[in-house]
Amino acid sequence: MLDVYLFVTPWGEKCMQSEKVMMDFVHNVDQKVSFQIIPMLNMQIVQDYLHNNNNKTYDSYNELSADMYNMILDYKAALFQCKRHGRNFLKLIQQEINGNQLSYSKQLGSKIAEQANLDLEMFETDRRSQLAKDAFKADQKTASEMNVNISPAAVIFNDDDDNYGILVEDFNNETLQQICQDDECPLSSAISFSHASVSFPHVL
């Protein structure tokens with residue numbers, strides 16, 4: 001089995017693209033895959049987004065940092081109900097923030113939770129719970145232990161041998177294809193596909 005960790009900025013078009021590319025990868029491998037999307041939050045990520053040309057909403061570091069943090073807690077609360085709902089929640093809220101240039105708000109989180117078919121009463125209870133905060137801290141610890149400093153980045157392990165793992169930073173579909181085809185990559189012999197040749201669609 002493969003363990004795949006995808007580390008992303010809470011919102012950002014580049015990270016949304018990486019999520020699509022990684023989902024294509026996960027769906028095409030023959031092996032069972034444990035797949036997690038982990039939003040990262042640190043000073044560098046906030047500063048990078050604040051000064052990104054695509055940012056037309058935020059000019060305050062503290063406001064952006066707080067909104068990213070609260071959005072991640074909402075995502076963790078959605079994941080508590082099931083992974084599929086959690087990923088759908090993340091995709092929908094990223095679309096609202098990136099596509100419609102909205103700032104995060106508690107009201108937006110509630111609206112997206114309803115669209116994602118979450119149990120709203122449970123969501124409201126969980127979104128600021130200690131359990132969600134602890135899950136956030138555990139994710140940031142995981143990123144630190146795996147030496148992930150930028151996003152998007154992916155860490156892929158072969159669960160049959162903990163020595164077989166690779167960190168791929170700022171990847172795209174071509175990068176993943178090279179990993180799978182490179183005999184020197186420690187994962188190349190551990191990954192096989194449903195089709196003889198795998199073509200990852202280009203993400204525009």
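A polar contact is a pair of N or O atoms within 3.5 Å; within protein, one must be able to donate a hydrogen and the other to accept it, and residues adjacent in sequence count only if both atoms are side-chain atoms. The model is predicted: local features need pLDDT of at least 70, side-chain atom pairs count only at pLDDT 80 or more, and totals for chains, interfaces and linings use all residues. Residues are numbered from 1 along each chain as its sequence is written, and side-chain values use heavy atoms, without hydrogens and water.

Select Gln140 to begin. Gln140 sits in helix 7, residues 130-145 (helices are DSSP runs of H or I, at least four residues, and strands are runs of E, at least two, numbered from the N terminus). Gln140 is buried, at 18% relative accessible area (buried means under 20%, exposed over 50%, partly exposed in between; 1.4 Å probe, protein chains only). Its side chain reaches the backbone oxygen of Pro39 at 3.2 Å. Beyond four places in sequence, Gln140 is in contact with Pro39, Met40 and Leu41 (heavy atoms within 4.5 Å).

Next, select the open sheet: four strands in the order 2-1-3-4, with mixed pairing (two strands pair if DSSP finds at least two bridges between them). Strand 2 (33-39) and strand 4 (165-169) are at the edges with a single partner strand each, so one side of each has no neighbour in the sheet.

Move to strand 3, residues 153-158, which runs antiparallel to strand 4 and is joined to it by five bridges. Here Ile156 stands opposite Ile166 of strand 4.

Finish with helix 1, residues 13-28, which packs on the sheet and touches strand 1 (2-8), strand 2 and strand 3.

Key. Axes are lines fitted to C-alpha atoms, for helices over the stretch in contact, and angles run from 0 to 180 degrees between N-to-C directions.
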